[in-house]
Every structure is written in C-alpha cells, then in structure tokens.
Amino acid sequence: KDGRTRILNSRGSPVFDRNGVFVGFRGVDTDITERKQSEEALRLGDITYRDLFDGMNETVWIMDLNGDVVDVNKTATLVLGYTKEEIIKIGLNNIDANHRPAEIQALVNSIPREKFRFFETSHKRKDGSTVPVEIYASLITYKGKLSILSIARDISLRIKAEEQIRLL
C-alpha cells in the first residue's frame with residue numbers, strides 16, 4: 001500500500017473440491033525482508049573485509065591458538081610463492097626460517113591479551129629463498145573463536161640500509 005517492496009517466503013498447496021477439481025491455493029506468506037537485508041549486509045561486509053585483507057601490502061596471517069594457519073591474504077601468496085591452500089597446509093612451522101615448532105608455539109602462547117607481540121624472523125619462500133620480516137601479532141576474535149592476527153612486513157630494504165650505515 002505504501003509502495004515499498006517486500007520479500008516474502010510463500011508456502012502453499014493447491015486446494016481441490018470433493019470431485020478433485022482445483023478451486024484455489026491455501027498458503028502462508030512470511031515477510032523475510034529484514035532477514036534478506038541482514039544477509040546482504042553481511043555479504044557486503046565480508047566483501048569489504050576480504051578487499052581490505054587482500055589489499056594490504058604486508059602479508060597478513062590469521063592463526064588459531066595452536067599456531068595453525070587459518071587464512072592468509074593475497075600478498076602472502078605473492079611474496080612467498082605458495083597458494084593460499086599450500087600455506088594453510090604446510091603451516092607456519094615450514095615457513096618460519098628461524099624458529100623450531102616448539103619456539104613458534106611458545107611465541108603463540110606469549111601473545112598478551114589486548115596487546116601485541118613484536119619480533120623479527122625470516123620466512124622461507126617456495127623457491128627456497130628467505131625474506132626477513134618483522135611481525136606484529138595480537139589476539140583477535142575471528143569467526144567467533146579467539147585467534148591470532150599476525151602482520152609480517154618485509155624489512156629487506158631496512159636491513160640493507162642498516163648494513164650500509166654500519167659500513168660507513
């Protein structure tokens with residue numbers, strides 16, 4: 001009546017008289033407009049999240065509290081040469097060039113709540129080369145679970161500049 005469009009979930013069935021002649025439909029319409037609008041907002045929010053996540057210049061990792069990789073951004077795949085699926089499968093233990101698995105787990109366990117942990121390490125690329133990185137890691141809630149957000153920044157240029165300064 002007011003001109004707005006609504007989204008309905010309609011359930012019905014045909015109605016027949018005693019002689020089996022179709023006489024109409026019987027059914028119920030449920031207004032699901034708000035639910036559909038909420039679903040669309042979540043979908044758009046997920047697209048925005050993924051665009052931001054993949055648009056970062058640094059490699060971004062999300063890990064569970066066991067240190068298993070749950071998600072990485074597009075930059076991680078470009079820098080390391082692995083696909084996202086390969087990174088998730090081989091895990092951080094096979095990418096971190098400086099820490100043994102027990103040390104990685106100790107780093108994971110040492111991330112304080114509501115603060116971040118900072119350290120430097122190197123990541124192994126698929127071709128066997130390494131890239132020095134500085135890591136900022138913090139606890140977040142990801143898909144309803146306490147997780148670790150880790151941002152790794154390539155510090156190759158900084159290290160080269162520091163070496164040149166030392167030589168001078």
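This is a predicted model: local features need pLDDT of at least 70, side-chain atom pairs count only at pLDDT 80 or more; totals for chains, interfaces and linings use all residues.

Q: Which residues of α4 are the buried ones?
A: Those are Ile-104, Leu-107 and Val-108. They cover an arc of only 100° around the axis, so they sit on the same side of α4.

Q: And what covers the buried residues of α4?
A: The cover includes β5 and β7.

Q: Why is Leu-157 called exposed?
A: Exposed means over 50% relative accessible area. Leu-157 has 70% relative accessibility, so it counts as exposed. You'll find Leu-157 in helix α5, which covers residues 156-167.

Q: What makes Leu-149 partly exposed?
A: Buried would need a value under 20%, and exposed one over 50%. Leu-149 has a relative accessible area of 22%, so it is partly exposed. This residue belongs to strand β7.

Q: Which residues does Leu-149 touch, leaving aside its neighbours within four places in sequence?
A: Its contacts are Val-60, Trp-61, Ile-62, Tyr-136, Ala-137, Ser-138 and Ile-140. A contact here takes heavy atoms within 4.5 Å. As for Thr-121, it is 28 residues from Leu-149 in sequence and 16 Å away in space, C-alpha to C-alpha.

Q: What is the phi of Lys-143, and where does this residue sit?
A: Its phi is near 50°, a positive value in a residue other than glycine. Most residues other than glycine have a negative phi. Lys-143 lies in the loop between β6 and β7. With 71% relative accessibility, Lys-143 counts as exposed, because the cut-off is over 50%.

Q: What about Pro-132: which strand is it in, and what does it contact?
A: Pro-132 is part of strand β6. Leaving aside neighbours within four places in sequence, its contacts are Thr-121, Ser-122, Arg-153, Asp-154, Ile-155, Ser-156 and Ile-159. For Pro-132 and Lys-160, 28 residues apart along the chain, the C-alpha separation is 11 Å.

Q: Which members of the largest nonpolar core touch the most other members?
A: Out of 22 residues, they are Trp-61, Val-69, Leu-80, Ile-87 and Ile-148. At least two residues of this core come from each of β3, β4, α2, α4, β6 and β7. β6 gives the most, with five residues. As general background, nonpolar side chains in soluble globular proteins tend to be buried together.

Q: What is Val-69 in contact with, beyond its neighbours within four places in sequence?
A: Val-69 is in contact with Trp-61, Ile-62, Met-63, Ile-87, Ile-88, Gly-91 and Leu-92.

Q: What lines the largest cavity?
A: There are 15 lining residues, with Met-63, Leu-92, Phe-119, Ile-135 and Ser-150 nearest its centre. The lining divides into 11 nonpolar, two polar and two charged residues.

Note on methods. Residues are numbered from 1 along each chain as its sequence is written. Side-chain values use heavy atoms; hydrogens and water are left out. On a 1 Å grid over the protein atoms alone, a cavity is a set of points where a 1.4 Å probe fits but cannot get out, and a pocket is an open set with protein on both sides within 12 Å along at least five of seven lines; lining residues have an atom within 4 Å of a point. Ala, Val, Leu, Ile, Met, Phe, Trp, Tyr, Cys and Pro count as nonpolar, Asp, Glu, Lys and Arg as charged, and the others, Gly among them, as polar. Buried means under 20% relative accessible area, exposed over 50%, partly exposed in between (1.4 Å probe, protein chains only). Helices (H or I, at least four residues) and strands (E, at least two) are DSSP runs, numbered from the N terminus. The arc is that of the directions from the helix axis to the C-beta atoms. A nonpolar core is a set of buried Ala, Val, Leu, Ile, Met, Phe, Trp, Tyr and Cys residues joined through side-chain atoms within 4.5 Å.
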